[in-house]
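Reader: Hi! Could you walk me through this one while I have it open?
Author: Happy to, let's take a look together.

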Amino acid sequence: MSTTNTTPATDFDCDLLVIGAGSGGVRAARFAAQRGARVIIVEGGPLGGTCVNVGCIPKKLYSYAAHHGEAFEQAHGFGWEATTPRFDWAVLKARRAAEITRLNGIYDGLLKSAGATLLRGWASVADAHTVAVRPVDGAAGSSVKHCTARHILLATGGRPQKVDGPGADWALTSDDMFDLDPFPRRLVVVGGGYIACEFASIFNGLGAQVTLVHRGPRLLRGFDHEVADFVTAEIRKKGITVHLQSTIADVRRAGAVQTLRLKQRAAAADAGAPADIELEADAVLHATGRIARTDGLGLDALGIMLNPNGTVPVDPHFQTVVPSVHALGDLVGHMALTPIALGEAMLLVDHLFGDGVRRPIDYSLVPTAVFTHPNIGTVGLGEEAARERGPVRIYRSEFKPLQHTLSGSTERTLMKIVVDDVTDRVLGMHMVGADAGEVIQGFASAMQAGLTKAQLDRTIGIHPTGAEEFVTMREVARR
């Protein structure tokens, strides 16, 4: 076990104290305890963090729910005669809540079976080896418990960024979307990132009239431009109104209804769009970013100064400027993805309580999915980023999936491969279509192993599937 202090381990209450029982915190606590470390983990909220409670899991469940309405309609093309389906928002909320409660219990069981001690409360760092834990209820007279640790891990994740502009008093964040009451028949989503686009697709699929408002010229900044433009066209076909280069200039509220006035940027107005647009909404979601959850941790007193974007600076071993204090996951901001937090937790545990030989994460080849309708799956570089590195070959295919030859849907699929023209190595693979994340996952493994276009060409496809298109593209679309 590597250490950062010469004090005997028995002089501390534990070897590792973890603040935050989200994905990264629970993973670090479990595996450190399994390796014989004495572990305490502190959490005041539901176990599982953002992913389990207000992120990946409930959002994907709602995405599944949203697909069913479309599936009922498409079934007619395959000979099924069905009565008009009726969606019950209350049933979906209750079913989701029961599943999340079940997962909370599983996380509790995982910690106990590993031998970690769970303390319910809110923690702050008192000094380099001491953590103060306040009771969850914060009742007057409640005592604060102090725990000492050889190593302290900050794993408090992130939270939605609050807005302070027009309509801030009534603005919703992504955390609020799972238990809205009543169901919003008219929803305005402000933002252009993956959270905004996913919730726009979900509520559109559930039957809401959805308007997506984004200040930039393109949705999904940082994604391959062709992919972003393609999915924008697809969600518009499904009935989502998208206003690009637009901001909220004013919001008025009368009862439960908000009236928003949108201001179009000059470029949009010049393209023929009206300078001002007025629309009504029953709910307005502001999905304009997330920030690290550092409030109340006591980092200033320790001399830990935050990065300009609010994240905690760490070295390659996730150590802060205080040698005994570590941080990972959304808190450090390498990539705000659950699998990244899990991977970073394993690296840290290996460094502190193992042989430290685990290979570091290759952040350049992290696959990801956006659960819009249709889905996006992507790994590696987009075309624009790849061209900055040198000459490339682009292979692309756009088609109507076999399912939709009978379903009546106009949904199309886009698949794209970005190849280094000198080495033949595949630099990026991108898909917009059904189950795109499932398809891309396997190709991500191949890219980690140095996949070339020639190797793709030698691969036999599974027919008839959409995924086989990735191994049958032969014609260069452009260089």
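Author: One term to begin with: a nonpolar core is a set of buried Ala, Val, Leu, Ile, Met, Phe, Trp, Tyr and Cys residues joined through side-chain atoms within 4.5 Å. Buried means under 20% relative accessible area with a 1.4 Å probe, protein chains only. This is a predicted model, where local features need pLDDT of at least 70, side-chain atom pairs count only at pLDDT 80 or more, and totals for chains, interfaces and linings use all residues. Residues are numbered from 1 along each chain as its sequence is written, and side-chain values use heavy atoms, with hydrogens and water left out.

Reader: Great. Which residues have the most contacts inside the largest nonpolar core?
Author: Phe203 and Leu212 do, in a core of 41 residues. H5 gives the largest share of this core, eight residues.

Reader: And what is Phe203 in contact with?
Author: Setting aside neighbours within four places in sequence, Phe203 is in contact with residues including Trp89, Met177, Phe183, Leu187 and Val210. Contact here is heavy atoms within 4.5 Å.

Reader: Which are the buried residues of H4?
Author: Trp89 is one of them, and the others include Leu92, Arg96, Ile100, Leu103, Tyr107 and Leu111. The buried residues of H4 pack against several elements, among them helix H1 (23-34), helix H3 (56-74) and helix H5 (194-206). Helices are DSSP runs of H or I with at least four residues, strands are runs of E with at least two, and both are numbered from the N terminus.

Reader: How far apart are the end C-alpha atoms of H4?
Author: They are 38 Å apart, which agrees with the 38 Å that its 26 residues (89-114) should span at 1.5 Å a residue. That expected span is 1.5 Å times one less than the number of residues.

Reader: What sits at the start of H4, and what follows it?
Author: At the start, a side-chain oxygen of Asp88 comes within 3.1 Å of the backbone nitrogen of Ala90. After H4 comes Gly115, with a positive phi near 95°.

Reader: Switching to strands: why is S5 largely enclosed?
Author: Strand S5 (residues 130-134) is largely enclosed by the rest of the structure because four of its five residues are buried.

Reader: How many bridges does S5 make with S4?
Author: Five, in the antiparallel sense, with S4 covering residues 122-127. Strands pair if DSSP finds at least two bridges between them. The two form a hairpin with two residues between them, and Ala123 stands opposite Val133.

Reader: What stands opposite Val133 in S6?
Author: Lys145 does. S5 and S6 (residues 145-154) run antiparallel, joined by four bridges.

Conventions. Buried < 20%, exposed > 50% of the residue type's maximum accessible area, 1.4 Å probe, protein only. Polar contact = N/O pair within 3.5 Å; in protein donor to acceptor, adjacent residues only side chain to side chain.
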